[in-house]
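Welcome! Open the model in your viewer, keep the sequence beside it, and follow along stop by stop.

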Amino acid sequence: MAEQPVSEPTREERIAALPPLQEGYRYLYNRSSEPWEHQFDGRVYKFEPHEVRSIPSNAAELFRADSIIPGTLRRVRGGGGTLVAERYVAFGPGWAIHGSVKIQEDYVIQNAPAEAEADFLVPTTTEPTMELFDRTSIPSYVDRPNVRDPGKPLHAAIVRV
């Protein structure tokens, strides 16, 4: 008998093979071929190339928000000012922060089950480049109206404590 060729598992099979996580954790995947690191709450998280790791959901949300590959930030034409970018990391399955509830004097994070993003377990070949995005089109906080003194813009000031 001829041997059957061994095929690589599909992305969906690899996701299904991940063990379920306890509430409050989420998988994160380093899409690049370089190590990637970030810090959260005084702890440094280092991801090896193409590593999948479970981390707390609040850390995962920060890491994804800060993982824009330099040179990929673009404004969507006709998108009403929407910005898009390619990221070093992608969310996997797990738990996402759904909100918070005040119980007595404390706020308690509410989690909800979350699915993997389309880029999870999909490596990127994008190399970081110079950022060509024109940031002058983004409104400055200085130009926003002042709540305490309507009609006057905000200004920088030294505040004695």
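Which side chain does His38 join through a polar contact of 3.0 Å? Select His38 and Asp66: their side chains make that contact, a polar contact being a pair of N or O atoms within 3.5 Å, one able to donate a hydrogen and the other to accept it, with residues adjacent in sequence counting only if both atoms are side-chain atoms.

This is a predicted model, where local features need pLDDT of at least 70 and side-chain atom pairs count only at pLDDT 80 or more, while totals for chains, interfaces and linings use all residues. Residues are numbered from 1 along each chain as its sequence is written, and side-chain values use heavy atoms, leaving out hydrogens and water.

Stay with His38, which lies in strand 2 (residues 36-40); strands (E, at least two residues) and helices (H or I, at least four) are DSSP runs numbered from the N terminus. His38 counts as buried because its relative accessibility is 18%, where buried means under 20% relative accessible area (1.4 Å probe, protein chains only).

Next, select the largest nonpolar core, twelve residues including Leu28, Trp36, Ile55 and Phe91. Such a core is a set of buried Ala, Val, Leu, Ile, Met, Phe, Trp, Tyr and Cys residues joined through side-chain atoms within 4.5 Å. Helix 2 gives this core its largest share, three residues.

Finally, colour strand 7 and strand 8 (residues 106-114), which pair in the antiparallel sense over nine bridges; pairing takes at least two DSSP bridges. Lys102 stands opposite Tyr107. Two residues separate these strands in a hairpin, and Gln104 in the turn has a positive phi of about 55 degrees.

Notes. Buried < 20%, exposed > 50% of the residue type's maximum accessible area, 1.4 Å probe, protein only.
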